[in-house]
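Me: Could you walk me through this structure, beginning with the ligand site?

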Amino acid sequence: MNETVTGWGFIGASTVAREHMLAAVRAQPGHAVVAIASGDAARARAFAEENAIPRACDGVPALLADPAVQAVYISSTNEQHRDHALAAIAAGKHVLCEKPLATAVEDARRMVEAARRAGVLFATNHHLRNAATHRKVRELVEAGAIGRPLFARIFHAIYLRPQVQGWRIDSAAAGGGVILDIGVHAADTLRFALGAEPVEVVGMSQAGFLSKNGVEDGVMAVLRMDNGVLAQIHAAYTVRHAETGFEVHGEQGSIVARDVMTVRPAGEVVLRDAEGARVMPVEHEGLYVTGVRRFCEAMVGRGQPAASGEDGVRSLQTALAIAEACRSGTAVRIAPRG
Ligand code: NDP
């Protein structure tokens, strides 16, 4: 192998790896996916063959023992992220881990702390932070374009494609359910765009319309942010014809973004104020390509990943607070950072 190539090992023969992350790594000059590991050796072999990955490993330890692997991307099911990440960190690899980082906040904190001690980069794959539309919303809020922000609304109700239903709709043990899957992205989007942290949440959820075993397939929650903003999250797996959107309403104006809660580089951001309504210019770029580029740059000491490990912890903490609020029927406070 060419010595200048940074080798990536993928843990998880997953849909997101196949549909987005292989191409995102391959788009980075000097980076290549050199190995794949799965919980099932035959699935890893088939995935490697179908996706032109040179090596299929017989398990995660074999992948982590490979000196050609310097960076690891983890997209196994949610309950496995913790052990896969801790093993990769212990092996001295940089780690880009899928959201939710774990199924418990303490586990996610352990992952971040282990990486800090080991001196490796650890980041969360919250892809929406890389959307030109989301960056534009953040920029407008930060620049004071709408005055003091008062309210935010995220609509991320979709119909879950049959090919990714599986564990998401029937297994709480695997970290399934719409709150940990989509709600965690919504929480991260609010934190990112508003530059504020959630402090309290109320919510109600649905189950059983598409899901089984009591796993949630729809949720509505209201969060109070530490800058006073009230934010609404609507996330679902069961809605076939809704548009996705993100709005922030301030004292002097409103930002209305449509078709932006998506994996596609798409959508529109409109600023409405006393001057009228204008579409804001954005330059769309692949969300995963941008995210991996920022991770690659951070690996060599240039800048920060789009979403840090700590971001993953905070967004998970928020999602778990939403789940707890739905279960208990009471307002749940979110402990401040630290
Ligand atoms: P998949 O269900 O496609 O894959 C998850 C795991 O399921 C795989 O790692 C694989 O295990 C196992 N699996 C896959 N196919 C089969 C099969 N035919 N039979 C049995 N097991 C199978 O999940 P996703 O790709 O949708 O999600 C993976 C992770 O990525 C999750 O943590 C999710 O939250 C996250 N995600 C993030 C997105 C983002 O935009 N940031 C988008 C989508 C998902 P094994 O590896 O052991 O073979």
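What follows is a short exchange about the ligand site and one backbone feature.

Reply: Before that, this is a predicted model, in which local features need pLDDT of at least 70 and side-chain atom pairs count only at pLDDT 80 or more, while totals for chains, interfaces and linings use all residues. Residues are numbered from 1 along each chain as its sequence is written, and side-chain values use heavy atoms, with hydrogens and water left out.

Me: OK, so which residues are the closest to the ligand?

Reply: The closest are Thr15, Ser38, Gly39, Asn78 and Tyr288, out of 23 residues that surround the ligand, a residue being counted if one of its heavy atoms lies within 4 Å.

Me: And where does the ligand lie relative to the domains?

Reply: Domain 1 (6-127) and domain 2 (131-285 + 317-333) both contribute residues to the shell, so the ligand lies between them; the domain bounds come from an automatic or database domain assignment.

Me: Which polar side-chain atoms lie by an oxygen atom of the ligand?

Reply: One belongs to serine 38, at 2.4 Å from a ligand oxygen, and another to asparagine 78, at 2.5 Å from a ligand oxygen. On the backbone side, a polar atom of lysine 99 is 2.9 Å from an oxygen atom of the ligand.

Me: Switching topic, what is the peptide bond from lysine 99 to proline 100 like, cis or trans?

Reply: That bond is cis, with omega near -20 degrees, and proline 100 is placed in the loop between strand E5 (94-97) and helix H5 (105-118), where helices (H or I, at least four residues) and strands (E, at least two) are DSSP runs numbered from the N terminus.

Technical notes
Polar contact = N/O pair within 3.5 Å; in protein donor to acceptor, adjacent residues only side chain to side chain.
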